[in-house]
Amino acid sequence: MATRQTQGLARLMRAPAIILLFVWMIVPLCMTLYYSFLNYNMLNPGMTSWAGWFNYQYFYTDPAFLESIRNTLVLVLGVLFITVVGGTFIAMLIDKPIWGQGIVRILVISPFFVMPPVAALIWKNMIMHPSYGVLADVARFFGVQPVDWFAQYPLTSIILIVAWQWLPFATLILLTSLQSLDTEQMEAAEMDGAPAYSRFFYLVLPHMARAITVVILIQTIFLLGIYAEILVTTNGGPGTASTNLTFLIYRAARLNFDIGGAAAGGIIAVILANLVAIFLMRAVGRNLD
Amino acid sequence: MGQITLQGVAKRFGEVEVIPPLDLTIEDGEFVVFVGPSGCGKSTLLRLIAGLEDVSGGRILIDGKDATDASPAKRGLAMVFQSYALYPHMSVRKNIAFPMKMAGMPKPEQDRRIEAAAKALNLTSYLDRRPGQLSGGQRQRVAIGRAIVREPSAFLFDEPLSNLDAALRVGMRLEISELHNRLKTTMIYVTHDQVEAMTMADKIVVLQAGRIEQVGSPLDLYHAPKNVFVAGFIGSPRMNLFTGAVAADYGAQTIGVRPEHIRISATTGKWQGRVGVSEHLGSDSFFYVEGTGLAETVTVRSGGEVGLRHGDTVWLTPDEGKIHKFDTNGDRI
Amino acid sequence: MGQITLQGVAKRFGEVEVIPPLDLTIEDGEFVVFVGPSGCGKSTLLRLIAGLEDVSGGRILIDGKDATDASPAKRGLAMVFQSYALYPHMSVRKNIAFPMKMAGMPKPEQDRRIEAAAKALNLTSYLDRRPGQLSGGQRQRVAIGRAIVREPSAFLFDEPLSNLDAALRVGMRLEISELHNRLKTTMIYVTHDQVEAMTMADKIVVLQAGRIEQVGSPLDLYHAPKNVFVAGFIGSPRMNLFTGAVAADYGAQTIGVRPEHIRISATTGKWQGRVGVSEHLGSDSFFYVEGTGLAETVTVRSGGEVGLRHGDTVWLTPDEGKIHKFDTNGDRI
Amino acid sequence: AQDNVTLTIATVNNGDMIRMQGLTGEFTAANPGITVEWVTLEENILRQNVTTDIANQGGQYDIMTIGTYEVPIWAKQNWLVPLEFDDAYAVDDLIPAVRDALSVDGKLYAAPFYAESAMVMYRTDLAQAAGVTIPESPTWTDIMTAAKAMTDKSAEQYGICLRGKPGWGENMAFLTAMSNSYGARWFDADWKPQFDSAEWKATLTDYLTMMNEYGPPGASSNGFNENLALFQQGRCGIWIDATVAASFVTDPKNSTVADKVGFAQFPNKDGVDNHGNWLWAWNLAIPTSSDAQNAAKTFIAWATSKGYTELVASKEGWRAAPPGTRTSLYENADYQKEAPFAAMTLTAINSANTQKASVQDIPYTGGQFVAIPEFQGIGTAVGQQFSAALAGQMSADDALAGAQSTTLREMTRAGYIK
Amino acid sequence: MARAVTRNARIGWTIAAWAVALLIFFPILYTIITSLKSEQEAIAGFDLIPSFTLESYQTVQSQNNYWRPFMNSVILSVGSTLLALVVAIPAAWAMAFSPTKRTKDILMWMLSTKMMPAVAVLVPIYLIFLRTGLMDTRIGLTILLMLINLPIVVWMLYTYFREIPGEILEAARMDGASLRDEILYVLTPMAIPGIASTLLLNIILAWNEAFWTIQLTTTKAAPLSAFIASFSSPQGLFWAKLSAASVMAIAPILVLGWFSQKQLVRGLTFGAVK
Ligand SMILES: Nc1ncnc2c1ncn2[C@@H]1O[C@H](COP(=O)(O)OP(=O)(O)OP(=O)(O)O)[C@@H](O)[C@H]1O
Ligand SMILES: Nc1ncnc2c1ncn2[C@@H]1O[C@H](COP(=O)(O)OP(=O)(O)OP(=O)(O)O)[C@@H](O)[C@H]1O
Ligand SMILES: [Mg+2]
Ligand SMILES: [Mg+2]
C-alpha cells in the first residue's frame with residue numbers, strides 16, 4: 001500500500017472529487033458572500049448598491065431570527081429524538097421472530113421513498129386536515145373536537161411529518177446494528193443474571209452507540225435544510241411558530257426576492273451549520289473509529 | 001458443590017435430533033472435557049447444561065436438584081465463551097463487576113472480589129482498560145475473572161483457547177489447569193483439540209453425532225480406546241490405522257499403532273516403505289512413510305535425530321504390545 | 001532462478017526505524033523461514049522484498065539485478081498472504097488465471113497451466129467454485145495455485161497457516177514442504193511458530209526488533225543457538241533458562257537446558273523441586289516443576305508415562321552434554 | 001413567416017388554464033409553424049420561477065401567466081412587451097376595470113385570460129330556514145347576523161367560511177379587501193403603515209369574531225380550495241370569496257348544494273361606500289427576454305379572444321367560458337341563462353376600483369393587494385400574524401402591533417420611509 | 001437466544017410489529033386508496049374501500065403528460081448517481097487504502113458542503129446555469145445532483161472499501177494488475193453489494209430532490225418533482241387527483257425500493273456496524 005507510487009496515484013485519484021466539491025462549494029459561497037454585502041433586490045435589479053453589514057444587521061434583528069434558530073434546533077432535536085427512540089423500538093420489534101418479517105420491513109421502510117413535498121401534501125391533506133383528515137375522522141369517531149394540527153401545534157406537526165420520513169432510515173441502520181450484536185455477549189449477560197431491561201441498557205444501547213451516532217450525523221445534515229415540508233404545510237406560521245432558519249432564508253429569497261438579505265442569512269446559516277458540524281465531528285470522530 | 005447429572009437429556013432442532021437421549025454424571029470438582037469432531041454437539045450439550053437452550057427431553061440435575069427449567073442465571077454456573085463475549089464498552093473492572101452488580105452485591109464486597117480475581121489472574125494493572133485494548137490471552141483471563149467472582153458451582157468453557165495462537169494456547173492451558181487445581185470447582189470444558197483434552201481432563205467425554213463414544217481418563221482413552229473412532233481421535237499425531245492383509249495378520253478387521261510405537265530403521269523391520277516428508281524438531285523427528293505394502297501414509301515418531309532423508313527406503317516395526325485391534329463394528333477386541 | 005540479496009536494506013515508518021540496515025542472501029532454491037516474535041518486522045521485510053513497501057535505504061537484488069525500485073509485478077515474485085487474499089467474486093479458475101490474464105498470456109496457455117496447477121494441488125473438482133465455498137485448506141491451495149502459475153522466481157509466504165486449525169495446519173505444512181521438494185523454487189516463509197520453522201526450513205532467519213539474530217539450519221539453531229534470545233525462541237516447549245547460582249556453577253551468566261534434556265526422578269538428582277501441573281499425553285508427559293532452588297518453573301519432558309502427581313517432590317538432572325552456556329551479553333560461550 | 005417556433009408557456013394549475021392546455025391543438029392546427037410547450041405549476045412556485053426568470057432575463061419562457069399584481073410592477077421595469085392587437089381582437093370589448101388594471105401609461109402589457117372580483121355566496125335554503133335575508137348589497141352587520149343565525153356547530157354547519165391560511169394572496173387578499181370596505185388603508189401618503197388605526201382594529205376584530213364563533217374548525221389553514229370544498233359539501237352558510245367560485249358551487253357535478261346558492265355583492269361597513277375593490281385577473285404576458293415574441297403574440301391573441309370563448313362554449317358549454325374579461329360575454333343570452341351568477345359577477349368587477357382602493361388617501365394602486373414589489377413579503381408576513389391570531393396564538397392587538405412593526409421595518413428597509 | 005420462542009410470544013410480537021408497520025405505512029396506503037376514489041368520495045370521510053375508479057389517473061395523465069417527467073426522473077437520478085460513482089470510486093479507493101492524516105477531515109468537510117442552505121446559493125447557481133446554457137438541460141441537472149450527492153457517495157463507498165482487506169489489492173498488484181485493473185477487476189466487483197446500496201440510496205435521494213429540479217427546469221428536463229408541483233393545490237376538489245399524482249410520482253421509486261430492500265438494508269450502515 002505504502003509505496004511512493006501508490007501514494008502519488010492516491011493523490012491523483014482523490015483529486016477530482018475534492019476539486020469538484022471544492023469548486024461547488026467555493027464559487028457559490030464567494031458569490032453569496034459578495035451578494036450579502038449588496039442591496040440587491042431581484043425585482044429592482046437597477047438599484048443594486050453596496051450595503052456593508054446592513055444585510056446582516058437586518059437579518060439578525062429580524063424578530064423571527066431568534067425564533068427561527070430556536071425552531072431549527074427544536075425541529076432537529078425533536079426529529080432526532082423521535083427517530084432514534086422510535087427507530088430503536090421498531091428495530092427491536094422487527095428483529096423478533098415474527099411472521100411476515102419481510103413484508104413488515106417493506107412497510108416500515110416505505111416512507112423513506114416518498115418525496116418530501118409529497119409527504120407533506122399527504123400528511124397535510126389526507127391525515128392532519130382538520131375537516132377531511134383521517135385524524136379528524138378518528139377524533140369525531142370518539143366524539144372529540146378534531147385537532148387543527150397546523151394551527152395549534154405547527155412545529156410539532158412538522159416534526160411528526162419529518163420524523164415519519166426519517167424513521168425508516170434510523171430503523172434500518174439501527175436494525176443492522178442490532179443484528180450485528182454478538183449473541184454470545186447477550187448469553188453471557190444472561191448467565192451473569194442480567195434481566196432483559198439490564199441487557200438492553202448495559203449491552204444493546206452501548207452497542208448501538210455507533211449506529212446512533214451515524215443516524216444523528218446524517219440526519220442532522222439533512223434536517224438542517226428542511227423547508228419543503230414547512231412550505232407546503234404551514235408556510236412558516238402561524239406567525240413564525242414554524243419558521244426555521246432555512247425557511248427564513250427561503251422567505252427572503254423567494255418571497256421578498258431580497259437576494260442580499262437571503263445571502264446574508266445564508267452566510268449566517270453556513271456559519272451556524274459549521275458550528276454544528278464541528279460539534280458533530282468531535283462527537284462522531286470519536287465514535288467512528 | 002457442583003455435581004451435574006444428565007438423565008436422558010435430548011435435543012432436537014426442529015426435525016433434526018442433534019443429541020439423542022444421553023446420560024452423564026459429572027462429579028463435584030471434576031475437570032471434564034467434551035471432545036469430538038466439529039458439529040458433533042459439544043456446544044449444544046454445554047448450552048443445555050448452562051440453560052441457554054431448552055432440553056427437548058430428559059432432566060438436568062445440579063447438586064441433585066432438578067434444574068431443567070431453571071433460568072441460566074439461577075443455575076449457579078458460569079460460562080466462558082469461545083469469543084469471550086466481553087462487554088466491549090465496559091472497562092475490565094466493570095466487566096468483572098457486572099454479574100455481581102446484577103446480583104445486587106454491595107459495592108465493597110464487589111471491589112474485594114475484583115481485586116482478588118485480578119490478582120489471581122494477573123490483571124491488576126489492566127483493570128481500567130477496555131477489552132479492545134487487551135491481547136487475546138488477557139481477554140481470556142478477563143472472561144475467566146468474570147466467571148470466578150460469581151463463585152459458581154461449576155465453570156463451563158466452550159473452546160476458550162481456539163482463538164489464541166499456539167504459544168499463548170499452551171500458556172493459557174496451564175493457567176486453566178492451575179486454576180482448577182486451586183479452586184477445585186467442577187469444570188466442563190469443550191474443545192476439539194486432543195492435546196487440550198489429554199492434558200487438562202480428569203475425565204474425557206468423546207462425542208460423535210451427539211452420542212457418547214467413550215468416557216474415561218485421558219490415559220484410559222490413550223491406552224484402551226473403545227473403538228476405532230476414539231482410537232483415531234485421541235492422540236497426536238493420530239494413530240496409524242491399518243486394514244486388509246496387515247490387520248488380518250493380527251486376526252482383526254482393523255489394527256492401530258500410534259506413531260510413537262513404531263520403530264524406524266534403514267536396514268531391517270517388518271514393513272517396508274519410502275520416506276516422504278520428514279520433520280526434524282530437534283527433540284523429535286517425524287517421518288511420513290509411504291509404505292509399499294500399506295494403503296496410506298504411515299506417521300512415525302522417533303526421538304532425537306535419525307539420519308534419514310526424503311526418498312530413502314526404510315523398514316518399520318510396530319511395538320507388538322501396543323497394537324490395538326478392532327472388529328468389523330470398529331469395537332475393540 | 002531466484003537468488004535474492006538484501007544489501008543494507010532498512011525501513012523506517014516515519015520516525016520509527018522498524019528495520020535497521022540489514023544484509024541477507026537467499027540462495028536459489030532455498031526454503032528460508034523468517035521467525036521472530038510478533039512485531040519484529042518479519043512481514044515488513046517480506047513486503048520490502050515483494051515491493052509492496054519502499055525501502056528507506058539499501059538495495060534489493062533479484063538474481064543479481066537491482067530491483068529496488070521495480071514495481072511488485074515486475075519482480076517476478078509471487079506472494080501467498082496470511083488471509084490468502086483470494087478474489088471472492090471470482091471462481092477458483094478465474095482466481096488462478098488472474099495473474100496470467102494480467103500478463104496477457106494467451107488463453108490456451110492459461111488453461112494448460114490452470115489444469116496443471118489444479119492437478120498438482122488436488123483442486124480439479126473445485127475449479128468452478130467460489131472461494132467462499134471452500135474450506136480453509138482448499139483456499140490455501142488456491143492461493144498457492146495462483147502463485148504457482150506465474151512460475152515465479154521465488155514464493156513469498158506470510159504466515160499462510162495461521163488461520164487454519166491445528167489439524168489442518170499439519171497437513172498444509174506437509175503439502176508446502178512437498179511442493180518445495182517438487183518445484184525447487186526459492187521460498188521465503190514468514191511464521192512465528194517454531195514448529196513450522198523447524199520442520200520446513202532449509203535455513204531459518206531469526207529476527208528480533210528488525211535485527212537478524214542468527215541465520216542457520218534448523219538443527220544448527222537447535223543445537224547451537226548463538227544467544228539467549230535464539231535459545232529461548234527455538235524449540236518447543238521452550239528451553240529452560242537458569243541464571244544465578246545454578247549458572248555460576250557452570251561458569252556462565254545464564255545456562256539453558258531443553259525440557260527433553262532433563263531427567264526427572266522421584267528419588268535422586270541434581271536439583272530438587274515440586275511438581276506443579278503435569279500433562280500426560282500418553283506418548284509423552286510434561287512436568288512443570290517449581291524448583292525450590294530455581295527461580296522459574298522448569299519444564300521437563302519425559303517419554304512415556306511417569307507416575308508423578310501434583311505436589312510430589314522430585315529431583316531433576318540435566319544432561320551435562322546438552323547444557324548451553326551464555327555470557328553476560330547473552331552470547332553463547 | 002413563423003417557421004417552427006416553440007413557445008414555452010408558464011401557467012398556473014387552475015381549471016381554466018388546464019382547459020386552455022387541452023385546446024392547444026386547435027391553435028397549433030391553425031398555426032402549423034408553432035409548437036407549444038406547457039409548464040404548469042402551482043401558483044406560488046409559478047410566481048417564484050417566472051419572477052426569477054424575468055428578473056434575470058433568463059428567457060426560458062415566451063409567455064407567462066401572471067396576475068394583476070405583477071403586471072404594473074414588471075411593466076415599469078420594462079420587462080414586458082407592450083401588446084398591440086389588430087381590430088379583430090376588439091380591445092375595447094375588455095371590461096374597463098380589468099383593462100385599466102393591466103395598463104401602464106395607457107399601454108396594455110398583458111391580456112386578461114379570466115378575471116374575477118369577490119362576492120358573497122350563500123345558501124338560500126339555510127337562510128330561509130334561519131329566517132334571515134341577505135340583501136343584494138349587504139353590510140357586514142347583515143352578514144354577521146345571517147352567519148350567526150345559520151350556525152349549528154353540532155351539525156357541522158358553519159355560518160361563514162373565510163380565508164384564514166396565511167399568504168398575501170390568501171388571507172391577506174380577503175382581509176385587505178375587507179379592510180378597504182371598513183375604510184382602512186395599508187399606508188398613509190408617506191407610506192407609513194396603518195395597522196394601528198381604528199379601522200384596521202375593527203376589521204380584524206370583526207373577522208376574528210365571525211371566524212371564531214361561526215366559522216369552521218381549522219380555519220387558519222383554509223384557503224380558497226378548502227373553503228370551496230367545505231361549501232360544496234354544504235358545511236358553510238356564507239362564503240365570501242372570488243367570483244370564479246360561483247361556477248364551481250353551482251356545478252351539480254361537484255357540488256351538493258348547486259341549486260341552493262344565492263349571490264350578493266361584497267359587503268361594506270355601514271357608512272363606508274366601498275365594496276372592497278377586489279380585482280384579480282390571470283393574464284398572459286410576453287417577457288422582453290422571449291425570442292419568439294411574434295408567435296407569442298399570436299397565441300395570446302388567440303387565447304384571450306372572443307373566438308376562444310366561443311370555442312370553449314362550443315366544446316364544454318357556456319358555463320366553462322373564462323369569465324370576467326369581456327363585456328360581450330355578459331351580454332350573451334346563452335351565457336346569462338347558463339350562468340346565474342353572471343350579473344353579480346359583472347357588478348362586482350365593475351365596482352372594483354383598483355386605482356383608489358381605500359376611501360382614505362393612499363399612495364398606491366391595487367385592490368386586495370398593494371402594487372409594490374415588496375408586498376409579497378410584507379403581505380405574507382402580516383398574513384402570518386393574522387393567521388396566528390385566528391389560530392388563537394395571539395390576541396388581535398398583538399397581531400396588529402406585530403403587523404405594524406414588521407411592515408414598518410420592511411418599508412424602511414425598502415427605502416419608502418426615509 | 002436460540003431458545004425456542006413460545007408460540008404465544010411470537011403471536012404477540014407479530015401483532016405488535018404488524019400494527020406498527022401498518023401505522024407507519026398508513027399514510028401511503030391511504031393515499032393509494034384515495035387515488036382510487038372519486039373526488040366526492042375522497043372528502044366524504046374515512047373510508048378504506050374506494051370505488052376503484054381510475055378517473056383521477058386519467059385526469060392527471062390528460063392534464064400533464066406523465067412519461068416525460070418520469071423519464072427525466074429516471075435519467076437524472078440514475079445518471080447523476082452513476083456519474084458520482086465514477087468520480088467517487090477512485091476517491092474512496094485512495095481514502096480507504098492510502099489514507100493520510102487528513103482523510104477523516106476531508107470526509108467531514110465533504111459532508112459539511114451539504115449543510116449550505118440551497119436557497120441561499122440559488123441565485124449564484126441560477127446565474128451560472130443561465131450563463132453556461134445549462135438551464136433546463138438534463139446534463140446540467142445531472143451534474144448538479146451528482147455534486148449534491150457526491151459527499152454521501154464518497155463516504156458510503158469509503159466505509160465499504162475499508163472493509164475490504166488491503167491484502168487482496170496487494171495480491172492483485174503482485175499479480176501484475178495495474179491500478180486500473182485493480183479497481184476494475186478486483187475492488188469494484190468485491191464492493192458490488194456496497195456499491196449497489198450506494199447506488200440505490202443515491203437514486204432515491206436524487207429522485208426525491210425537489211428544490212433544484214424545480215428551480216432550474218422548465219419543460220425539457222423537468223422531473224416528477226415538477227410534475228407534482230403542478231398538482232399541489234389547484235382550484236376545486238383535488239384530493240383524489242392529488243393522490244393519483246402522488247402515487248404516480250412515488251410509485252416507481254417505492255417499487256424499486258421494495259425490490260432492492262435487501263441491498264439497501266445491508267448497505268445502509270455508513271460504517272455504523274462492524
Ligand atoms: N440453533 C440451531 N438450529 C439448528 N441446528 C443447530 C442449531 N445449533 C446447532 N445446530 C446443529 O447442531 C449440531 C451440533 O452443533 P454444535 O454447535 O453443538 O457442534 P459443536 O460440536 O460445538 O461443533 P464445533 O466444534 O464446530 O463448535 C450441528 O450439526 C449444528 O448444525
Ligand atoms: N504502515 C506502518 N506504519 C507504521 N508502523 C508500521 C507499519 N507497518 C508495520 N509497522 C510497525 O512495524 C513493526 C513491524 O511490523 P510487522 O508487521 O513487520 O511485524 P511482524 O513481525 O510481521 O509481526 P506479526 O508476527 O505480528 O505479523 C511493528 O512494530 C509495526 O507496528
Ligand atoms: Mg461448538
Ligand atoms: Mg506479520
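Trainee: How many residues does the contact take from chain A and from chain B?
Mentor: The model is predicted. Contact here means heavy atoms within 4.5 Å. On that basis the contact takes 24 residues from chain B and, from chain A, 16 residues.

Trainee: Which residues in chain A lose the most area to chain B?
Mentor: Chain A and chain B bury about 1,700 Å² between them, with 62% of it on carbon and sulfur atoms. On the side of chain A, three residues together account for 43% of what that side buries. They are Met191(A), Asp192(A) and Tyr202(A).

Trainee: Which residue of chain A meets Arg150(B) in a salt bridge?
Mentor: The count between chain A and chain B is three salt bridges. In the one that involves Arg150(B), the side chains lie 3.8 Å apart, N to O. That distance qualifies because the cut-off for a salt bridge is 4 Å. The partner in chain A is Asp192(A).

Trainee: Where in chain A is the residue that pairs with Arg146(B)?
Mentor: The side chains of Arg146(B) and Asp192(A) meet in a salt bridge, at 3.8 Å from N to O. The pair crosses between chains, and Arg146(B) belongs to helix H4 (residues 136–148) of chain B. Asp192(A), at the other end, is in the loop between H9 and H10 of chain A.

Trainee: Which helix supplies the largest share of the side of chain A that touches chain B?
Mentor: Between chain A and chain B there are eight residue pairs in polar contact, both residues at pLDDT 80 or more. Helix H9 (183–191) and helix H10 (196–223) of chain A each supply at least two residues of the side that touches chain B. The largest share is seven residues, and it comes from H9(A).

Trainee: How many residues of the side of chain A that touches chain B are charged?
Mentor: The residues on that side divide into three classes. Eight are nonpolar and three are polar. The charged ones number five.

Trainee: Which helix of chain A gives the most to the nonpolar patch?
Mentor: Phe81(A), Ile82(A), Val85(A) and Leu160(A) form this patch on the surface, with about 330 Å² of accessible area together. Leu160(A) lies in helix H8 (residues 154–179) of chain A. Three residues of the patch come from the helix that gives the most, H3 (residues 63–95).

Trainee: Of the eight pairs of chains in contact, which share the most contacts?
Mentor: One contact takes 105 residues from chain E and 96 residues from chain A. Chain E and chain A bury about 9,200 Å² between them, 79% of it on carbon and sulfur atoms. The pair that shares the most contacts is chains A and E.

Trainee: How many salt bridges does the rule find across the interface of chain E and chain A?
Mentor: The whole structure holds 62 salt bridges over all chains. Across the interface of chain E and chain A, the rule finds eight residue pairs in polar contact, both at pLDDT 80 or more. By class, the side of chain E that touches chain A has 76 nonpolar, 19 polar and 10 charged residues. The number of salt bridges across this interface is zero.

Trainee: How far apart are the nearest C-alpha atoms of chain B and chain D?
Mentor: No contact joins chain C and chain D, whose closest C-alpha atoms lie 48 Å apart. Chain B and chain D do not touch either. For chain B and chain D, the nearest C-alpha atoms are separated by 48 Å.

Key
Residues numbered from 1 in each chain as written. Chains lettered and ligands numbered in written order. Predicted model: local features only at pLDDT ≥ 70, side-chain atom pairs only at ≥ 80, totals over all residues. Heavy atoms only, no water. Buried area = accessible area lost by both parts, 1.4 Å probe. Polar contact = N/O pair within 3.5 Å; in protein donor to acceptor, adjacent residues only side chain to side chain. Helix = DSSP H or I, 4+ residues; strand = E, 2+ residues; numbered from the N terminus. Nonpolar A, V, L, I, M, F, W, Y, C, P; charged D, E, K, R; others polar. Patch = residues over 30% accessible without salt bridge, like charges linked within 9 Å, V, L, I, M, F, W, Y side chains within 5 Å. Areas by Shrake-Rupley, 256 points an atom, 1.4 Å probe, with all protein chains shown as cover.
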